[in-house]
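Here is a quick tour for someone meeting this structure for the first time. Have a look at it first, and then we'll walk through it piece by piece.

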Amino acid sequence: MRFTLINISAQLLLLTFLSSCLKNKFEPVGEGDIVFSAYDQNEDFVGFTTFALVDSVGKVDMTNLGAIDSILEEPYRSIILNQIEVNMIAYGYSKVSTVDSADILINANLILSPSGDLVSQYSFVGGNEEFEADWWKNAHYIGEPNYWGINAIALYRFRLPYYFTEDNGTLLIEMIDVNSLDSVNQKIYVPWVAGVRAIYTGSNIGNRLIQAVNQCFLQSEYLRH
Amino acid sequence: MRQWLLILGFYSNFLLAQSFYVGVNYKIDIPVLSFQKHIQPISFVGSEIDFRYFKTDWFSFGLNLGWASFYEHIPMGTYYWENNAMTAEQWNYLYQTDFHFQFHFYIPTQILIKPYFALQLGTSFVQDYKKVGDLVFNDNGWGFGYTPEIGFLFHLPKPDGLAFITSCGFSHALYKNNHYDALTNVNIKFGIAYSGQFRQKTRDRLEKAKEDAK
């Protein structure tokens, strides 16, 4: 009897201390992707009917100005462009090959920025709550207005989401409104942006890219015609 | 070596003297009120160490050091606000460490079960981690806390001085952030304790039984 009680007591003690060390403290295993999107609430997306898609995907290294690798490698480049095209057509837009016949231009770039200071790189332009993002000025950004033959700088009329900071490998999809060109002040506006954080790290990047680009559109129903 | 054994023996005797009580408890915490909206699942990972000093047969006071871990995984979901949308998986972690003074009022009984009411007062250290996708936000801090509690001590006839304990309490820590107003949970404890008082009680009981037999 005495032995049994001591045995039970010892096991209870052991259980108590072991249970306190159990798995809850471990980090979860899973993808860290975050799909985000934001848009200009004053924009009427239904008015857009045609789009031109950029022909390549830039690899914008914000940490190394001397980086020479400026194009995202295959198959990721094709996956991104194909999925954007599929989704735009599914939402009722028609693809065109020239800027002159397009209402909107779509860019896609991969931003590498482990330093996590993208928010602080915004520059305020004028007094109209217009924001400029630094990656547009990067030598490896593909799709800035000059790339399309437009002499202007691209501006946002809304603040970009804060979780841009502390990132490594963010896919950015940006929309330029061709009709918003202000030739006098050399401005053109970006009414929609979407992206995926941490997409360039981890495993199974190709499949995650497909799902992530689809999700960018799924959570942006206002684009649908 | 002998000196150390003597010192150890002295303090053991002191701690296990008639008025002292030491116990360890396994703790289950059920989040309630606003805290439940932040983390819903019951925590099965908690423990505490319980020191008491019996001032009288019906009153004791002491220290209670407790720890509990809460966790919830929120599957992938999309959230909308203003002109933004975000899709991500989320994980919430919260660790609560309590440093409480405690006071117990026992109901005298002639049987081996001893019911009691208790109040624990003190501070809680809270470590709150929220993981959204690959982003981690943390929020650590202290808050005043209290726990009213009811419980039962089950004296074991043998070995001398040992008791099982079970109790139920409402824990309220005044710690708030954007996700909850306070840390509130109902806890259920199971534990084992040793006290010189129980040993003495057992001896008294046995002597009384012998006398009755005569």
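## What buried means, and the two chains

A residue is called buried here if 20 or more other C-beta atoms lie within 10 Å of its own. By that count, 37% of the 225 residues of chain A are buried. For chain B, which has 214 residues, the figure is 33%. Keep in mind throughout that this is a predicted model.

Let's take the make-up of each chain in turn. Chain A has three helices and 10 strands. Starting at its N terminus, the order is α-β-β-β-α-β-β-β-β-β-β-β-α. Chain B contains three helices and eight strands, and its elements follow one another as α-β-α-β-β-β-β-β-β-β-α.

## Contacts along the sequence

In chain B, 60% of the contacts between residues at least 6 apart in sequence join residues at least 24 apart.

## Two helices side by side in chain A

Two packed helices are described by the angle between their axes and the distance between the axes. In chain A, helix H2 (residues 76-90) and helix H3 (residues 205-218) pack at an angle of about 25 degrees, and their axes are 9 Å apart. Angles under 35 degrees count as roughly parallel, so H2(A) and H3(A) are roughly parallel to each other. Their crossing is right-handed.

Which residues of H2(A) and H3(A) meet? On the H2(A) side they are Tyr76(A), Ile79(A), Ile80(A), Gln83(A), Ile84(A) and Asn87(A). Their partners in H3(A) are Ile205(A), Gly206(A), Leu209(A), Ile210(A), Val213(A), Asn214(A) and Phe217(A). Sorted by type, the residues of this contact come to nine nonpolar, four polar and no charged.

## A closer look at Phe48(A)

Phe48(A) sits in the loop between strand S1 (34-39) and S2 of chain A. Is Phe48(A) buried or exposed? Since 22 other C-beta atoms fall within 10 Å, Phe48(A) is buried.

Setting aside neighbours within four places in sequence, Phe48(A) is in contact with Tyr93(A), Asp103(A) and Ile104(A). Then there is Ser94(A): Phe48(A) and Ser94(A) are 46 residues apart in sequence, and their C-alpha atoms are 9.5 Å apart in space.

## A closer look at Asp128(B)

Over in chain B, Asp128(B) belongs to strand S5 (residues 113-132). Asp128(B) counts as buried because it has 22 C-beta neighbours inside 10 Å.

What does Asp128(B) touch, leaving aside its neighbours within four places in sequence? Its contacts are Leu94(B), Asn138(B), Asp139(B) and Asn177(B). One of these, Asn138(B), is 10 residues from Asp128(B) along the chain, and 5.6 Å separates their C-alpha atoms.

Now for the confidence values. The mean pLDDT of chain A is 79, with 74% of its residues at 70 or more.

Where pLDDT is low, the predicted coordinates should not be read in detail.

Technical notes: Residues are numbered from 1 along each chain as its sequence is written. Chains are lettered from A and ligands numbered from 1 in the order in which they are written. This is a predicted model: local features need pLDDT of at least 70, side-chain atom pairs count only at pLDDT 80 or more; totals for chains, interfaces and linings use all residues. Helices (H or I, at least four residues) and strands (E, at least two) are DSSP runs, numbered from the N terminus. A residue is buried if 20 or more other C-beta atoms lie within 10 Å of its own, exposed if 12 or fewer, and partly exposed in between; C-beta atoms are placed from the backbone. Two residues are in contact if their C-beta atoms, placed from the backbone, lie within 7 Å. Axes are lines fitted to C-alpha atoms, for helices over the stretch in contact, and angles run from 0 to 180 degrees between N-to-C directions. Angles under 35 degrees count as roughly parallel, over 145 as roughly antiparallel, 65 to 115 as roughly perpendicular and the rest as oblique. A crossing is left-handed if the near helix is turned anticlockwise from the far one by less than a right angle, and right-handed if clockwise. Ala, Val, Leu, Ile, Met, Phe, Trp, Tyr, Cys and Pro count as nonpolar, Asp, Glu, Lys and Arg as charged, and the others, Gly among them, as polar. pLDDT is the predictor's confidence in each residue, from 0 to 100.
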